[in-house]
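This report is meant for a reader who is meeting the structure for the first time. Please keep the sequence and the model in view while reading.

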Amino acid sequence: MSFSYKIKEKLGKIMPDCPFCRSAELFGLLRFAGQRRRDGFYFASEHEATIDVFCSAISEEFGFSAEPCGKSKNGIFLYRITDPNALDQLKERFMLREDGRMENPEEIMPFSCCRESYLRGAFLGGGSISDPQKSYHMEFDANEEPVAEELLEVLEELEVHAKTTVRKGHAVVYIKGYEEIAAVLGAVGAGSAAMEIFNISIEKEIRNGINRQLNCENANMDKIVKAYGKHFMAIEKIKNSTGLEVLPEKLREAAELRMEYPDESLKELGERLGIGKSGVNHRLNRLIEISESI
């Protein structure tokens, strides 16, 4: 079961308290999962929770039922409304102009809770969200440009930044960023999903921080290993060619300690020699120079 499906299952069980909210939710459903045709109005969705909300809201708000048209091969439920009287009621209630735009949004969504209910209907009808473990992406398939603009206005009132694009001829509204997505989920009534996204974001931040630290440590370790390797190769070359005995006492002492304690850091070798880390590094680099001259 996808992340979107689980959210829609929960949203489908919400019963608004405000008398205007049910109508606003239905309007969002119709705008994002409905389509006007010559022979009537059609409603399509693959989610049973969405179909249940649509059927019950139509019955409650208008007193008539949508006619089921079966289920397609790809799992889409299709319903239609063809009665002229019912179609007139829909047009009158939601004040849609011929260009598909709302006549007076304030009458359909008079309160902030109504706008949130409209947004819930929009998500049930045409919304989806990626698994937050993989990416932060929420989108609404608005189909027509007027519907996309309408949604953008509602999101802007909720202080949620969204963008639009066109995909396969459909206007799509999308939101990036876990904070913005969580804000939408909280507004539509999916608070637990919003908290889940916040928790995942925290886990990701901690994990990324650890990975950055490990990568840094690994890079430093690679440098150390390469440096130590040069030390050993230089000392072996001197030992096999001229012998360590010909070296000045301080260099010979550094070479012998490096070979005797291969795992110790420069700081630890310095403590044995009674000098600082930079002093040890200088002597070992001098050994490398001597080996290169051989």
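## Helices α1 and α6

The helices α1 and α6 are oblique to each other, a word kept for angles that are not under 35 degrees (roughly parallel), over 145 (roughly antiparallel) or 65 to 115 (roughly perpendicular). Helix α1 covers residues 3-11 and helix α6 residues 112-126, and their axes come within 10 Å and cross at roughly 135 degrees. Axes here are lines fitted to C-alpha atoms, for helices over the stretch in contact, and angles run from 0 to 180 degrees between N-to-C directions. The crossing of α1 past α6 is left-handed, meaning that the near helix is turned anticlockwise from the far one by less than a right angle, whereas clockwise would be right-handed.

On the α1 side I7, K8 and L11 take part, and they meet R120, F123 and L124 of α6; contact means heavy atoms within 4.5 Å. The residues of this contact divide into four nonpolar, no polar and two charged, where Ala, Val, Leu, Ile, Met, Phe, Trp, Tyr, Cys and Pro count as nonpolar, Asp, Glu, Lys and Arg as charged, and the others, Gly among them, as polar.

## Basis of the model

This is a predicted model, in which local features need pLDDT of at least 70 and side-chain atom pairs count only at pLDDT 80 or more, while totals for chains, interfaces and linings use all residues. Residues are numbered from 1 along each chain as its sequence is written, and side-chain values use heavy atoms, with hydrogens and water left out.

## The chain as a whole

The protein chain has 12 helices and eight strands, with helices (H or I, at least four residues) and strands (E, at least two) taken as DSSP runs and numbered from the N terminus. Of its 294 residues, 41% count as buried, that is, under 20% relative accessible area, with exposed meaning over 50% and partly exposed in between (1.4 Å probe, protein chains only). Among contacts between residues at least 6 apart in sequence, 63% join residues at least 24 apart.

## Helix α2 and residue R22

Helix α2, residues 21-33, contains R22, which counts as buried because its relative accessibility is 8%. The side chains of R22 and S56 are joined by a polar contact of 2.9 Å; such a contact is a pair of N or O atoms within 3.5 Å, where within protein one must be able to donate a hydrogen and the other to accept it, and residues adjacent in sequence count only if both atoms are side-chain atoms. Not counting residues up to four places away in sequence, R22 touches I14, M15, P16, V53, S56, A57, E60 and E61.

The axes of α2 and helix α7 (residues 145-157) come within 10 Å and cross at roughly 140 degrees, so α2 and α7 are oblique to each other. In this pair F27, R31 and F32 of α2 meet P146, V147, E150 and L151 of α7, and the contact has five nonpolar, no polar and two charged residues.

V154 lies in helix α7 and counts as buried at 4% relative accessibility. Its C-alpha atom is separated by 9.5 Å from that of S112, 42 residues apart along the chain. Beyond its neighbours within four places in sequence, V154 is in contact with M109, R115 and Y118.

K204 is found in helix α9, residues 191-241, and counts as buried at 15% relative accessibility. Leaving aside neighbours within four places in sequence, K204 is in contact with P132, Q133, K134, S135 and Y136.
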